[in-house]
Structure formats: structure tokens, C-alpha cells
Amino acid sequence: MWWYVGKRLLQAIPVVLGATLLIYAMVFLQPGDPITALFGEKPVSEAARANLEAQYNLDKPFIVQWLLFLGGALTGDLGVSYSGQPVADLIGRTFPVTVKLAVMALIIEAVLGIIAGFWAGLRRGKIFDSTMLVVSLLVIAVPIFVLGFMLQLVFGVKLHWAPATVGGDASIGKLILPAVVLGLVSFAYVLRLTRTSVIENLSADHVRTARAKGLPEGAVNRKHVLRNSLIPVVTFLGADLGTLMAGAIVTEGIFNVPGIGNLAYQAVQRGESPTVVSVVTVMVLVYVLMSLLVDLLYAALDPRIRYA
Amino acid sequence: MSERIEAATEPLLEITDLQVAFRAGKRDIPAVRGANLTVYPGQTVAIVGESGSGKSTTAHAIIDLLPGTGHVTGGTIRFDGRDITHLKRRQREAIRGSQIGLVPQDPMSNLNPLVRVGSQIKEALEANDIAKGNAADKRVVELLEEAGLPDAQARARQFPHEYSGGMRQRALIAMGLAARPKLLIADEPTSALDVTVQQQILDHLDSLTDDLGVAVLLITHDLGLAAERADHLVVMYKGQVVESGPALEILQHPQHPYSQRLIASAPSLASQRLTAQTRAEVRESAVKTAGEIVAEHEGDEFGGEATRIAVEAKELTKVFKLPAGGLGRTIDFTAVDEVSFSLRRGTTTAIVGESGSGKSTVARMVLDLLEPTSGAVEFDGVDISTLRNKKEQLAFRRRVQPVFQNPYASLDPMYSIYRSIEEPLRTHDIGSSKEREATIRDLLDKVSLPSAVMRRFPNELSGGQRQRVAIARALALQPEVIILDEAVSALDVLVQAQILNLLNDLQAELGLSYLFITHDLAVVRQIADEVVVMQKGRAVEQASVVQVFDHPREEYTRKLLDAIPGGSIDLAS
């Protein structure tokens, strides 16, 4: 198994290289001049411009910029943002906030989605099931920023149940509302996936056998239906953590969360290649690690799967 | 299996005028229409019928495990002197397992793949308050041993996928008998297993239920098997019991036309009666036609000399490299070991063996879908591994066509029947679309399907109809050799008999040569001329059908023959 893990980690190297190169090219091709933007669209003296271009390697071809970035990243130096802060510090400050937000969203969607999906699957075609199907369809259909603003207005501004924006201090209490918004769409998917999976398992032969040996209905559902139904759901949840972190850009924007999404958004606007690329590299690594974790989890849940 | 019980005893199970229906939309579609049957304590009763006859539905109604929308609409089920037709949930759960056990049909799908086998049996003990905790663990091992599983202590901790099919069925038997029920419902308990395993398991089940005094309700489509194992037969047809009585009496003097047909088609029984003469006529006609075809083909694009031998396998060997854990380490597994045989034009060579014997690997090598490790397959005297240009390969494929076991999986569900049969014609660029349509009509006619079937899709056809379509598709290119890989194994006896007849007719008419691969010796007599018996990758015996059946040389062949259910039963006709 360790051989398998090693192989997967080695495979991550070309992925990271490719992703950073692609992002470098895209930021390079982005219209607008980062130096002018830095000076707030005011005229810049030639000397200052040359100076800054040299400092941020902007005078070199983009492939050289990329190689210089890679060289720095390998020695632990991610470069400096245009506002003069080391990128590593910026990421160190914002990343934990986003992780906290994404994990909260994941817990919310997993707990609610599995419970609702399990219940809906057991009572297929009944009123609860139909309601849940409609609700999940609505949640999937409405864009996340509409949901975000709506919940912010209703629960944050009108009812004051939760703070409407987060600001500097990202405590769990303050992150509740954005976490709900972030988890909503995935909640709908988890619900539907669990429901389908439960329905499928209910008609499995081994479930009938479990009934035939005299197990009470509750035990059959718990031990044989739910557990087997969770395999695809867990796989989905694992992959979803990566998506949640990347998808946090919109939610973090709405609720003004000082997370990595916000950082990336601002850096893209300013054309700050080192910051954008560093953030993306972190994201790619998160994705790679999560998908590896999912595969290992899959093997732990299903004894039929072994990696060599 | 046990002595007839005096009529004075109270019946254990008494089903009176049972009606079961499945709800489709607002309508009830009846599946069982007035079934009556009685089981006395310790007796073995078999319900026999084809799929769709309502035999499994009747059995599942007894313990209220009807699938989906199924429900009892009338009649009564009395068990142990009590009406159990409509029970509350708790009473129902109390009866299941402890009073009535179930051994289900397919051992592959009936164990939870995520739970250790031991734990699954332990559940049955705990749910019925037989034993708890450590005592239950010990009892599980005893039960597995009792069911004939070697090394039960270690086996109990394994997962179902680490068991073979026969072992799983033993585990399911241990589970069904765990709480010592008074009645055991065995629903086609061995139809998914090899014949020799089947016999061991049934023998074991027999002696076990005899010792424990458990009554058995055996559900099967195989009359031979039913007659061998049960004292009393109930024949079901279209949801009704058409005949019931002592097993031998029904077998020798069937009253109802359906029972008569069933007895005529059961391969295990019929092959005793199908005269060697019928087969000889088929062969004679086929060999003659084949000879004419050969004369026509002389010196065509394939290049080889047309010979009397269509296919010859010379010391075929296939070694698979299996991963053995660790870095790229492998162990060699010899699936096929120096197997040689020949297939003469217009005849059938059968390759018989249990699963894992390598017979399907041979088929794939003959089809040039798998490269042999050593040895060669010669078609018309030409080694097929030397056909390396596309044109020659295409010509070879055109003359050798396969029909596979599972008619559900070998037809593309998104293709209409027309398109499925047309595909090989298109691939080989034969005829205009008008001509192709005429060909397809003709092919459907050959396999006795109405031409209206063309526009339909595989899911609208029955298993037998689909297999006919697969045969029509194989015939589309006018091949000379057809490789039939377990082509009738997935079908009901009646349908099986029809398909075998069809294959015989087609062989006589078109001069085809068949390589017939099967695990079921019973059907071999109806179709084959030569038999190759395979065991663990080696051809242990090859001879003519008559010789193999009447004077088997090898111990293994004798074992296979003995395992044919009902083979020893005398038929009056």
C-alpha cells in the first residue's frame, strides 16, 4: 500500500508543474499592466517602472518568470506580493480560515444530507421524499450567489440570527452562515446520492437475506442498507472538500471572509502572478491529497478493494 | 430424503388458494393464482416450474419477503397450526429465521460484501436470541463446520469475496439453519454452482436437514434435481399449481401437458432418451453440406487449403502473470496447459469442465481474442497467429463467429435488434442497405423469430429470444465455425431445449461446425459428437460422446456424470 501512496504522490509532480505553468501563462496573457494597476492608474516614472519590473522579474519572458518562481518555491520562497508582504505569510494567514470554513460546510452537508437522504430513500415516494427532491432541485438550480445574498439578508440582516459579515476575526460562530451557504449545493447532491444509493441497496439480495434471518427492520436498515449506501457518498464527500475550498471564492466574497479565495480574487485583479500561482499550487496539492485520501478511504470501507 | 410421514400428522405448512399480485400503476398483475400446497414436518417438497411460473413468488410470500410491490391478495398460509398470512411486523420478524429459514438463490449476491461472513451468521444467532457475544462466535464456527466448510475458525473472519461460490452457499446454509427453523425454504440453492459442487452441497443439505428433522421446501426449475431430492413434487405453471403428487409418479406418469413438456425438455432426463440416431442424422447432413461449401471456397482470399478439419488446436498453452504483492512481482498461473483437439467440419466438439478449468480461455484463443503463450490454433490448416494483416484477419473473423453465455450482456441495450444484426454486415461491407434488410429478415426467420422483432430493443425480449438474436447475429456473415461459450447455460430448461434444437437444425441445414463450451454435461449429449473434458487447464479425457457417457475412462469424468441431477432415475416412456 505504501508503494501505491508513493506512486500517487509522484504522479502529483507533473500535475503541479502543469497547473502552475498554465496559470502563469493565463495571468501573463491577462489584459492590463500590473505596474499601472499598482499605482492606481496614475502615471509612473520610467525609472520607478524599470525598478519594479526588475524586482518582480516582469521584464523577463514568462517562461523564465515561471522557472524563477519554481526555483524559489523549491527553496520555500514563494516571492513577495506587490504590497510587499511575503506570499507565504499571506497564505499562512488565509489558508486556515478557508480550511475551517470548508470543513464546517462539509460537516453540515454530510450530516444533514445523509440523514435526509437515508430517510427519503426509506420512504420513497412519500411526502418527505418528494419534498426533499423538490428542495434539492431548487438548491441546485439557484446560483450560489443568489442563495448567499438571500440567506445573508434574511438571517443576517433581518433576523440577526447570525452575523451578516465575518471581517477580520473568523471564529466558528461567525462562519456559520457562510458555511451553510457553501455547503448547501453539496448538501443537495449528498441527499440525492444517499437516497438513490439507499433505494438501490434496499432491493439488494443480501438485504432480503438479512430480513430472512429474522433481523428487526431497524437493524437491517442500519447495518446492511445504510452502511453499504455510504460508500459512494463518502467518496463524493472526500472529493468535495477540494471543490468546497476552491468554491469558497464566491462565498468568501459575499460574507467578506478573510480566506484564501478572497486572497486569490484580489491577486488576480492585480495581475500578481506569484500570489495567484502560489494559491493555485496549494489548491492543486489539496486536490491531489484529497483524492488520494478518498481512494484510501474507499479501500478501508470496502474490503474487496486492495491497492498494490 | 426422509420417509413419508403418516397422513395423520398435522401439516407444518399449508397453503390454500394463495393469490399474489404485483401492483403496476393502479392495476394488480397476478403472479400466483390460487396455489395450494402442503408440507408435513420433516418432509421435502419441491416446487418445479420455469421462470415466471410463480414458484419463487409463492416461496417468498410465506415469509413475507415479496419484492417491490408484491402483496398477497387472497388465500391463507398456515404454519404450525397458525394463520401467518397477514402478520404484524414484530410477529413476522419473530417467525423469520427461528421458525422458517431461507437459503437464497444466488450465493454471489446474497452475502453483504462489506461484513465478515462470521458476523453475518452471528447476527442471525443474536437476532433470534440463540446466543450472544463470545458464545455466539463459538457457535458460528460450529455452524460453519456443520455446513461442511473446512477451516471454519479462520474462514469466519473472512469477507465474502474471499470465498468461492460453493463456500458462500455453505455459509448461507449455515445462516439459514442457524436458529434451527422447522422449515427451510431453499430457493434454487445451487443453480449458480458447478455440477459437482452442486451435488456436494445438495447431499450435505439433505443429510443435515434429515438429522435435524427440518422440512424443506425446494424451489427449482430442474425436474431431474427435484425428483432426486424431494418426496413430493408440485409443478407450477403461470401462477397455478398444475400438478402435484409423489415425485416418481409425476415423473413416470405426468398428467398435465405442461409437466409432460417439462419432463421431455429436462436435459438431465431428456439426454437419456434423445437417440444417438437423431444426432447422427444431423451430423450426416451437416458434414455433407460442409463438404459442398468447402468445394466452393477452394482457394479463396483466406489462402488456406480447405480441409476436412475446420479448427485444430495444437498444444495450446496460456500462462497468466498474476501480481503477487510487492514491486512488480508476479507468479505464473497456467490457465490452459497443452490442450489439443480438432473440430471436423459439420460436427460439434464440446469442451466440458467446471469453472476455472480453462475452457473459456480456450474459446478466446480459438477466436483469436487472446494470444496463446505457446502452441497454435490452425484454421483450415493455417496458423491464425500468422494472420497479421488486416484483410486476412477480417476474413478469419468472418468465418468464425462467437455466441456468448449471457444474452443480457452481449447485446448492446441501445441498439435495436435490426442494428445489432446489421452491425457485422456493415463492418464487413456486405450488400446495399436493401440487401442487408432482406438478409436480416431471412436470418430472423432462420432462428424462428418474427420479423417484427427487428424494430424492438433487447430489454423488450425474453432471455431465449435474445439468445436467438445473438445466434442470428453470429450467422449473419455465413460463418463456417461458431464458438458457443456457455450459450444455453443461462436459459430455462424449456428454452434451452428449443435453442439446442435450433442449433441442431441450423447445423444440418448450413453445415456449421460448433465448438460448444459448457459446464453442463447433460446438454452435451444433445448436441455434441466429440467431447473434451477439461480439469484445471488440462484435457483429461477426449473421446466420442457415446464413449464418454457409456464408458468414461477418467475418475473425474465419472464424477461429472454422476453429478448430473436425476441421471439415475428411471423414466417409464
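This is a predicted model: local features need pLDDT of at least 70, side-chain atom pairs count only at pLDDT 80 or more; totals for chains, interfaces and linings use all residues.

**Entry 1: strand β18 of chain B**

Is β18(B) enclosed by the rest of the structure, or left open, and why? I found that 6 of the 6 residues of β18(B), residues 513-518, are buried, so the strand is largely enclosed by the rest of the structure. I recalled that in a regular strand the side chains alternate between the two faces of the sheet. In β18(B), B:Ser513, B:Leu515 and B:Ile517 point one way while B:Tyr514, B:Phe516 and B:Thr518 point the other way, and all of them are buried.

I next looked up helix α18 (residues 493-510) of chain B, whose 18 residues reach 25 Å from the first C-alpha to the last, close to the 26 Å expected at 1.5 Å a residue. Its buried residues include B:Val493, B:Ile499, B:Leu500 and B:Leu503, and also B:Gln496, B:Asn504 and B:Gln507. Just after α18(B), I noted that B:Gly511 takes a positive phi of about 65 degrees.

**Entry 2: the largest nonpolar core**

Which residues touch the most other members of the largest nonpolar core? The core has 223 residues, and the two I was looking for are B:Ala171 and B:Leu515. Helix α8 (residues 172-202) of chain A gives the most to this core, with 14 residues. Leaving out residues up to four places away in sequence, I listed what B:Ala171 touches, and among them are B:Leu111, B:Val117, B:Ile121, B:Leu144 and B:Tyr163.

**Entry 3: two open sheets in chain B**

I traced an open sheet of 4 strands in the order β2-β1-β4-β5 of chain B, with antiparallel pairing. At its edges stand β2 (27-39) and β5 (82-83) of chain B, each with a single partner strand, so one side of each is left without a neighbour in the sheet. Strand β1 (residues 13-24) of chain B is joined to β2(B) by 10 bridges, and the bridge partner of B:Leu13 in β2(B) is B:Val39. Helix α1 (residues 55-62) of chain B lies across β1, β2 and β4 (70-79) of chain B and runs at about 75 degrees to β2(B).

I then traced an open sheet of 6 strands, β6-β7-β8-β3-β9-β10 of chain B, in which the pairing is mixed. Its edge strands are β6 (100-103) and β10 (240-246) of chain B, each pairing on one side only, and the twist averages 15 degrees from one strand to the next. I found that β6(B) and strand β7 (residues 183-187) of chain B pair in the parallel sense over 4 bridges, and that B:Gly101 stands opposite B:Leu184 in β7(B). Helix α6 (residues 165-177) of chain B lies across β6 and β7 of chain B, at about 170 degrees to β6(B).

Why does B:Tyr556 count as partly exposed? The reason is that B:Tyr556 has 19 C-beta neighbours inside 10 Å, where a residue is buried if 20 or more lie within that distance. B:Thr557 has 21 other C-beta atoms within 10 Å and is therefore buried. Setting aside neighbours up to four places away in sequence, B:Tyr556 touches B:Val533, B:Gln535 and B:Val540, and B:Thr557 is in contact with B:Val533, B:Glu541, B:Val548 and B:Pro552.

**Entry 4: where the chains meet**

Last, I looked up the contact between the chains and found 29 residues of chain B in contact with 21 residues of chain A.

Key. Residues are numbered from 1 along each chain as its sequence is written. Chains are lettered from A and ligands numbered from 1 in the order in which they are written. Two residues are in contact if their C-beta atoms, placed from the backbone, lie within 7 Å. A nonpolar core is a set of buried Ala, Val, Leu, Ile, Met, Phe, Trp, Tyr and Cys residues joined through C-beta atoms within 7 Å. A residue is buried if 20 or more other C-beta atoms lie within 10 Å of its own, exposed if 12 or fewer, and partly exposed in between; C-beta atoms are placed from the backbone. Two strands pair if DSSP finds at least two bridges between them. Axes are lines fitted to C-alpha atoms, for helices over the stretch in contact, and angles run from 0 to 180 degrees between N-to-C directions. The expected span of a helix is 1.5 Å times one less than its number of residues.
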